Amino acid sequence: MAKFAVSCLDVLNRHGLPSMEFQSYFERSKHDLLADGAAAIVTEVMQSTDGRPDAALLFGLLLDEARMGIENDSSYGKIFLKDAETAIQAHVAAEVCEPLHLMKIAGLYRRAGLPVPDILILNTVGQTIPAEAPVSDLDGTLATLAAEVEAEGGGPYEFFSGLDEMTAGMPEEMQAAFVDHLLTLDNPILERCALYWLLSGTPLIQEAVAAGLRQRLTSASLLAGTLFYLPIIRGWLPASAARAIVDDIGKLARRKSLAGASHDNEAKPVVGDIMASLADGVGAQSISIVGKQKNQTFVAMILLKTGYGIKDAFVIRCRSKREATSIVSYTRQEANSVRIDRMTAELLLEAALADGIENEHMPAPGFIDVMEACNLNNLRPQERDLQALLDHVDPQGEIPNATTAKLDRMLNNETALDALVPLIDSWFEDTGETRDIIRRSRSARTAETRIWAFLEGRRDIWARRFLQTAIILKSAKKENQSKTLAAAAFALMQKHPLQDIPLMEDIVMTTLEAGGAPLW
């Protein structure tokens, strides 16, 4: 496998990350690398992240794939991370890597949205802070980072991401002290970074950030944008020391007559096209919004995922409308996106906010930027049950009041079902339980019977998926497909036999095929 990893690195080095050559090679090789390539890749990374940036880049891609595997209940994610950590421990034990090097590797884990292994945290390897670490020359490090971000056309979010990755290898207490110190500096960008940390930090870091903001307000004031978004973020925070301090900030702001600070933009954003993909088999979908503010075109990108809420969000500042069109066109082709209206986008986002908070996941830090850029500041978490979603897509009650024969015609509308095929080809079950069912079944008939039984316990999940998709397609003026989906959801809600719902039969067959079960 070492030769295979080196070959992948060679393709990356020769052609670059965006190239079709590398993307194609990576798609073919990533499963082998995840299964048995951790040691070889870690060895390449440990040699030097500066001398071999391609190795660090490949390791980061594999960490991201491992994270998705864990989220999707696939075993390869845990296997890769365990093997990678074992390999890192071996190199640390051999004393062949410097602390600063380990901090850079920790940043790769942070960038992938993964917990940083203890072996990469400075105090767990018996090291002191290296002289080259960010805290030794804070002003110089901040200036360098700011210059790099500005040169690449970035803003506060990119600045925050750089700081977050640089500090990923510090002990939590040190990270908290670091961000607390940052908020004593006279730099307005750091207040926006504070909002990002409130959304992404551990409870200790959130508390330090909130305390730092309170101190800034006590000694001077906070920016209008900070005062505007703090109450919104407060509504997303769980009961904690950080939330209590944010409440104190609100009281102090009222005493200073700063409460309810206006955050009207100098020029209101003009929002154009809104595109949304349909949720895939694991409940992931994207929304892209094209807008213009102060004569600059932007694209806001949002990733939603069932159980996680707003998984990722950021704003791309474009040099031209053509660049924005190109970005949206690419995402539309990749994800089969359709054009939706603003009300539908808001419904999806509010439901995602509620879903995330219910599952103890804060919205992605960049969602603040999306709310600001797209004038979505009135969004609030709104949990909608299945009946509320059905009422939204079918306000006249045509489906619940349909005769048995009419409902059957809706469910079996061949034109609508055929049109749905390319949009829902990723709808299948791929969990540890379904893989066990297929692996342990001695015949195709047994596997199919057991998958049908498994789906009996998944009625609400698929009813919600059908209804959310129906709402999107109705907004996209695809009435027939929307009605068929809503009828299928209603049938699930009313405990109709699963075998009488064609969409569920498609899901069963695709699940069996994806799991490697023979279909005859």
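Helices here are DSSP runs of at least four residues, numbered from the N terminus. Keep that in mind as you move through this predicted model. The theme of the tour is salt bridges, and the structure holds 24 of them.

**Stop 1: helix H4**

Select residues 53–71, which form helix H4. Now pick out Arg67 and Asp64. Their side chains meet in a salt bridge, at 2.8 Å from N to O. The two are three residues apart in the helix, so about one helical turn separates them. Is Arg67 buried or exposed? Arg67 counts as buried, at 13% relative accessibility. The cut-off for buried is under 20%. Asp64 has 27% and counts as partly exposed.

**Stop 2: helices H11 and H13**

Select Asp248 and Arg214. They form a salt bridge of 3.1 Å, N to O. Asp248 lies in helix H13 (residues 241–255), and Arg214 lies in helix H11 (residues 203–219). The pair therefore ties together parts that are 34 residues apart in sequence. Asp248 is partly exposed, with a relative accessible area of 31%. Arg214 is partly exposed too, with 29%.

**Stop 3: helix H15**

Go to residues 342–358, helix H15. Show Arg342 and Glu346. Their closest N and O atoms are 3.0 Å apart, in a salt bridge. Four residues separate their positions in the helix, which means about one helical turn. Arg342 is partly exposed at 30% relative accessibility. Glu346 is partly exposed at 26%.

**Stop 4: a network**

Which residues do salt bridges with shared partners join into one network? Select Asp64, Arg67, Glu71, Lys305 and Lys311 together to see it. Asp64 and Arg67 are the pair from the opening stop.

Conventions: Residues numbered from 1 in each chain as written. Predicted model: local features only at pLDDT ≥ 70, side-chain atom pairs only at ≥ 80, totals over all residues. Heavy atoms only, no water. Salt bridge = Lys/Arg side-chain N within 4 Å of Asp/Glu carboxyl O. Buried < 20%, exposed > 50% of the residue type's maximum accessible area, 1.4 Å probe, protein only.
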